[in-house]
Amino acid sequence: MLQLDLSPEEAEVFLQEAEELLLALDEGLVRLEDESADRATLVQEIFRAAHTLKGSAGMIGHSQMAELLHAMESLLDRLRHSQLTVTPAIVDALLAGADMARRFVAEVATGQASGLDTAPVLERLRALAAGVQAPLEQAAGWELAPPEDIEVPEGQSLYEIRCTISRESVAPGARALQVLLALAQAGHVLSSRPQVDDLDEDWEGDRVHAFVLAPSAEALQKLLESISEVEPVILPAGGEPPSLAQPQEPSRGETPAPTERAPSAQPAAKAEGGSPEGDGGGTKGNGAGKSDGQVKWVRTSVERLDKLMNLVSELVTDRNRLLQVRANLVNQFGEQEGVMDLTEALTHISSVTDQLQDEVMRARMVPIEHVFNKFPRVVRDLARQLGKQVSLVIEGQETELDRTVIEEVNDPLLHLVRNAIDHGLEPPEERRLLGKPEKGLLRLAARSEESHIIIEVQDDGRGMDPHALRQAAVERGFLDAQAAAQLGDQEALELIFAPGFSTARKVSGVSGRGVGMDVVRTNIERLGGSVSIRTELGKGTTFELKLPLTLAIFPALTVEVLGSVYAIPLSAVVEALQVRTADIKTIRGREAIVTRGRVLPVVSLARFFYGQQPEDNGSCYVVEVRWGGTNLGLAVQRLLGRQEVVIKPLGRMVGEVPGISGGTIMGDGRVALIMDVASLVRALRRERQSPSA
Amino acid sequence: MQEQGKGSTREIQIVVFQLAKESYGIDIAKVQEIKAMSPITAVPRTPAFIEGVINLRGQITPVVNLHTRFGLPKAEYTKETRIIVVNMEGGERVGLIVDGVSEVMRLPEESIEPPSELVATIDSDFVRGIAKVSDERLVILLDLDKLLKATRELAIGAAA
């Protein structure tokens, strides 16, 4: 048991706040690596998040967590005051710290101490704050001793150079020579290991260690950065070496700030004068979420919002009921005064209900940022793990959708992003050969479109090849050669959604074995959404997720099938047509109509649901629905109208019914069934494939 | 039976209903309410014993026809026909269509005898025991949890 001094309410407040701060940390740190980012502002934001979280951790008495955050804060403080510049090692260490903080927060949530050992992370953070490379990564191999008793001429400084040569390099000797030549060009090399004479074609080292007198770190930096396959680190070596014991008191001499692989866009700032914008100690209390004086916010629990939404659903159902009652009264008594009064009141109640529904729905809306925020980190980690270079572009993160949808969309997105990096994007060498930029593009974009949210996951990688998919389907026994040949390109692409189907040539730990894509589709469809694919060989692939704004209440087209009422979600409906039954033709054993010059397959709902053909009175209606890139006509006897429906489960006793996602209570109190176009299409495909159909 | 060993004055309370001219009893604690027939929406592509769903004060509730479930000849609905809404394990509700509900009855535990295939026309798996109410009258006590669980499995198996 974790011993903390806080009530459940306090814990809840802490957890909510901690979650936001951790996200800010993660997001900020990942963005920090982007060289084009405004690092000064970012560091400030990250520092504040760490600082506020430290305060909260201290408040609840979690001293281990507070200590960890203090170490992060100290390191950030040195970045903030430009006494250190951002390096991958620093970002790694801070992310490791953030990860550990997350686990501490989880401890508070569960009340279970996890027995984490903070020592290694603390050591890394403190070492970096002291201006020393993380011992874990860089300790070995830099044995060259600094030169003693040298005079540093005016206008020059002593720098220690640590260059790591990529293990992939085919000619490390040549790279090392380039480094030494560059150093000699920029300054005076006092000592180095290896030396120029040591180098030949057979040299197989992976690092160059040197001490150099040079006028500035920038000049060294610039030259070293131009050498490929070399990771340079430039440390100031003159004067007083930074002390491990005093991480808080960095020297404020005229020494240029230690510069490690600072990008040219952000020259190593000097710590001269030492007074950074006068807010050195004044950031305390300026915690996240407390700074806004204009908009008044109230935190409310998700349960309360859910309850509100349920009540609104009931109200919508009752409103529909009242409208029905009114219609009956008008039929019975005509437009008498009393009935008209009722109508008036009802019209008002109706509009208030609509507004209320709208407002409550809006209150439950969350910007998709909450999901997207996690991706910079995920993409960074995956790219590293898979040896890919990825530049992530996020668009439309302010797009809002219902909380229930947000929760469900995270996993499918994660899967698509993984796939894009693992299978979509080529490794840098391959991209270079193809004449593409080495950095692959991964675009995550959201936008709203009528009552939908569209999320796109786009890569500029290999693209998908319908021929290869057909072939793979045959090889793996999913289809016979003839059936495969008959598939259109779009249908062939859809093969990737078949359970167990994978085109990955090798099985990687990241994407698994293609188990995911069918799960992605199932999850999205369960939400009443759809997934479609656009791809061009060699140019890339885009997965488009179309999602409803909310799951609880949605507009539907009500239709009649053999006397029963069915509601078809309007999100799936393209249009409704009245057709003569004679115009429904049988083409290759399937019914279809020709509309606007194209053939639309038609399914009789009476036959699908009840195995009966309705009485032919010359005409019927065809509701064209669209699902995952396929259009399909549903033949029904009558169109009844448009209605807001509140979806409810049919109960476990009924189980899953193909073509039906649930029920809704209509104005007359009866239950109407809500159609699930996705599962209808799947059932149709299954039935077509089985010999009995 | 287990109960026989414990004292003698323990009583159970049951709701008695009619099905194909026989009397059945279920534990009153499981019964949520008894409703007159109300409009049922049939759900296609489900087993025949799933009569459909009803609107039970805003909740959609599945309804099982016990005639069909037990393989008894299907009866016409009359004004006596009732829907007994019972609570399933796990809190969900299910309606059971029966020919009529006659009474609520208290029975001493010792009047319950183990099921006998000679008496019960239905699958004896779902019979908890037979209560002899008088010389003339027997009430078949149903093991509701077992019945509903098996029914659910049957329904889901049929859908797959």
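B:Glu11 is partly exposed, with 45% relative accessible area. Its salt-bridge partner is B:Arg106, at 3.8 Å from N to O. The model that holds this pair is predicted. Chain A and chain B bury about 2200 Å² between them. Over all chains, the salt-bridge count comes to 47.

**Confidence in chain B**

- The average pLDDT of chain B is 85.
- In chain B, 89% of the residues score at least 70.
- Residues 1–7 of chain B stay under 50 in pLDDT.
- For that stretch, residues 1–7 of chain B, the model has 5 contacts beyond four places in sequence.

**Interface of chain A and chain B**

- Chain A gives 24 residues to the contact, and chain B gives 26 residues.
- Of the buried area, about 2200 Å², 63% is on carbon and sulfur atoms.
- On the side of chain A, A:Arg652, A:Met653 and A:Val671 lose the most area to chain B. Together they make up 39% of what that side buries.
- The rule finds 2 salt bridges across the interface.
- A:Arg652 forms a salt bridge with B:Glu92, with the closest N and O atoms 2.9 Å apart.
- Helix 19 (605–610), strand 21 (660–665) and strand 22 (671–675) of chain A each give two or more residues to the side that touches chain B.
- Strand 21 of chain A supplies the largest share of that side, 4 residues.
- By type, the residues of chain A that touch chain B divide into 14 nonpolar, 5 polar and 5 charged.

**Fold of chain A**

- Chain A has 20 helices and 22 strands.
- Of its 693 residues, 47% count as buried.
- Among contacts in chain A with a separation of 6 or more, 70% join residues 24 or more positions apart.

**Backbone geometry in chain A**

- Most residues other than glycine have a negative phi, and most peptide bonds are trans.
- The peptide bond from A:Arg193 to A:Pro194 is cis, with omega near 0 degrees.
- A:Pro194 sits in the loop between strand 2 (188–193) and strand 3 (207–214) of chain A.
- A:Leu562 has a positive phi, near 45 degrees. Its place is the loop between strand 12 (553–561) and strand 13 (564–569) of chain A. A:Leu562 counts as partly exposed because its relative accessibility is 34%.
- A:Arg596 also has a positive phi, near 45 degrees. The loop between strand 16 (590–595) and strand 17 (598–604) of chain A holds A:Arg596. A:Arg596 counts as exposed, at 63% relative accessibility.

- A:Ser530 belongs to strand 10 (residues 530–536) of chain A. At 14% relative accessibility, A:Ser530 is below the 20% cut-off and so counts as buried.
- From A:Ser530 to A:Pro548 is 18 residues in sequence and 9.4 Å in space, C-alpha to C-alpha.
- A:Thr52 is part of helix 2 (residues 39–59) of chain A. A:Thr52 counts as buried, at 10% relative accessibility.
- The A:Thr52 side chain reaches the backbone oxygen of A:Arg48 at 2.7 Å.

**Salt bridges within the chains**

- A:Asp460 and A:Arg431 form a salt bridge, their closest N and O atoms 2.9 Å apart.
- This pair links distant parts of the chain, 29 residues apart. A:Asp460 lies in the loop between strand 9 (452–459) and helix 15 (466–475) of chain A, and A:Arg431 lies in helix 14 (residues 428–433).
- Both A:Asp460 and A:Arg431 are buried.
- B:Glu11 and B:Arg106 meet in a salt bridge. B:Glu11 is in strand 1 (residues 11–19) of chain B and B:Arg106 in strand 8 (residues 100–108), so the pair ties together parts 95 residues apart in sequence.
- B:Arg106 is exposed, with a relative accessible area of 55%.
- B:Lys30 pairs with B:Asp145 in a salt bridge, the closest N and O atoms being 3.0 Å apart. B:Lys30 lies in the loop between strand 2 (22–27) and strand 3 (31–36) of chain B, and B:Asp145 in helix 2 (residues 144–159), so the pair ties together parts 115 residues apart in sequence.
- B:Lys30 is partly exposed, with a relative accessible area of 24%.
- In chain A, salt bridges that share partners join A:Glu19, A:Asp26, A:Asp92, A:Asp99, A:Arg102, A:Arg377, A:Arg380, A:Asp381 and A:Arg384 into one network.

How values were computed
Residues are numbered from 1 along each chain as its sequence is written. Chains are lettered from A and ligands numbered from 1 in the order in which they are written. This is a predicted model: local features need pLDDT of at least 70, side-chain atom pairs count only at pLDDT 80 or more; totals for chains, interfaces and linings use all residues. Side-chain values use heavy atoms; hydrogens and water are left out. pLDDT is the predictor's confidence in each residue, from 0 to 100. Contact means heavy atoms within 4.5 Å. Buried area is the accessible area (1.4 Å probe) that two parts lose on being put together, summed over both. A salt bridge is a side-chain nitrogen of Lys or Arg within 4 Å of a carboxyl oxygen of Asp or Glu. Ala, Val, Leu, Ile, Met, Phe, Trp, Tyr, Cys and Pro count as nonpolar, Asp, Glu, Lys and Arg as charged, and the others, Gly among them, as polar. Buried means under 20% relative accessible area, exposed over 50%, partly exposed in between (1.4 Å probe, protein chains only). A polar contact is a pair of N or O atoms within 3.5 Å; within protein, one must be able to donate a hydrogen and the other to accept it, and residues adjacent in sequence count only if both atoms are side-chain atoms.
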